[in-house]
Amino acid sequence: MPDRHYDIAFRSDLRLMDVAWHRYFTVHDVEAYARACWSEFDRHGFYPGYLLRMDMSRSAIQPQDALAMFRTHFAGFPQARRIAIVTASALARLQVQREMTQSYLQIFDRADTAFAWLTQDVAAVA
């Protein structure tokens, strides 16, 4: 899809779900995105305890109505072991801190730093 506003990649060797957002989501976008996340998660054989990197550096903040849809569609999504959010935006950081309160979440300015933190204790490095 040429104008898709997200990418989802899986690294089975690291048990890493790697997501990049390229713009904000509308209410209608969230359902398709959630469906893709759930189906790809299952297709790749992932299970709770995986690593999650969400690169939001190109997406800015999300509208409030979309945030409500994220809460609805991701309720019950398997729990990660660590979550690394990538954004340099102060507003996006505040939004993430308000919406995602997991104790195993960290926010980073750069994707490479987030990756290093996520994989620091992974035995098998690609």
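Mentor: A residue is called buried when its relative accessible area is under 20%, exposed when it is over 50%, and partly exposed in between, with a 1.4 Å probe and protein chains only. Helices (H or I, at least four residues) and strands (E, at least two) are DSSP runs numbered from the N terminus. This is a predicted model, in which local features need pLDDT of at least 70 and side-chain atom pairs count only at pLDDT 80 or more, whereas totals for chains, interfaces and linings use all residues. Residues are numbered from 1 along each chain as its sequence is written, and side-chain values use heavy atoms, with hydrogens and water left out.

Trainee: Which residues of helix H4 are buried?

Mentor: In H4, which spans residues 111-118, the buried residues are Ala114, Trp117 and Leu118. Seen down the helix axis, they fall within an arc of 100° (taken from the directions from the axis to the C-beta atoms), so they line one face of H4. That buried set packs against strands E2 (16-21), E3 (51-55), E4 (82-86) and E5 (105-108), where contact means heavy atoms within 4.5 Å.

Trainee: Which residues of helix H3 are buried, and which are exposed on the other side?

Mentor: Within H3 (residues 90-99), Ala92, Gln95 and Val96 are buried. They cover an arc of only 100° around the axis, which puts them on the same side of H3, while Ala90, Leu91 and Leu94 on the other side are exposed. The cover over the buried residues of H3 includes H2, E4 and E5. At the N-terminal end, Ser89 caps H3 through a side-chain oxygen that lies 3.4 Å from the backbone nitrogen of Leu91. The polar contact criterion is a pair of N or O atoms within 3.5 Å; within protein, one must be able to donate a hydrogen and the other to accept it, and residues adjacent in sequence count only if both atoms are side-chain atoms.

Trainee: How many residues of strand E2 are buried?

Mentor: In a regular strand the side chains alternate between the two faces of the sheet. In E2, 6 of the 6 residues are buried, so this strand is largely enclosed by the rest of the structure. Leu16, Asp18 and Ala20 are buried on one side, and Met17, Val19 and Trp21 are buried on the other.

Trainee: In which sense does E2 pair with strand E1, and how many bridges join E2 to E3?

Mentor: Two strands pair if DSSP finds at least two bridges between them. E1 (residues 6-11) and E2 pair in the antiparallel sense over 6 bridges, with Asp18 of E2 as the bridge partner of Ala9. E2 and E3 run parallel and are joined by 5 bridges. The path of the chain from E2 through H1 to E3 forms a right-handed β-α-β crossover, right-handed here meaning that, with the strands pointing away from the viewer, the path from the first strand over the helix to the second runs clockwise.

Trainee: What phi does Arg15 take in the hairpin of E1 and E2?

Mentor: Most residues other than glycine have a negative phi. Arg15, although not a glycine, has a positive phi of about 55°. The hairpin has 4 residues between the strands, and Arg15 sits in this loop between E1 and E2. Its relative accessibility is 24%, so Arg15 counts as partly exposed.

Trainee: Which residues of the largest nonpolar core touch the most other members?

Mentor: In soluble globular proteins, nonpolar side chains tend to be buried together. A nonpolar core is here a set of buried Ala, Val, Leu, Ile, Met, Phe, Trp, Tyr and Cys residues joined through side-chain atoms within 4.5 Å. Among the 28 residues of the largest one, Ile8, Met17, Trp21, Tyr33, Met54 and Ile85 touch the most other members. At least two residues each come from E1, E2, H1, E3, helix H2 (64-73), E4 and E5, and the largest share, 5 residues, is supplied by H1. Apart from this core lies another, of 10 residues, among them Leu14, Val86, Ala114 and Trp117.

Trainee: Where does Asp29 lie, and what does its side chain reach?

Mentor: Asp29 lies in helix H1 (residues 27-43), and its side chain reaches the backbone nitrogen of Thr26 at 2.8 Å. With 16% relative accessibility, Asp29 counts as buried. Not counting residues up to four places away in sequence, Asp29 touches His5, Arg23 and Tyr24.
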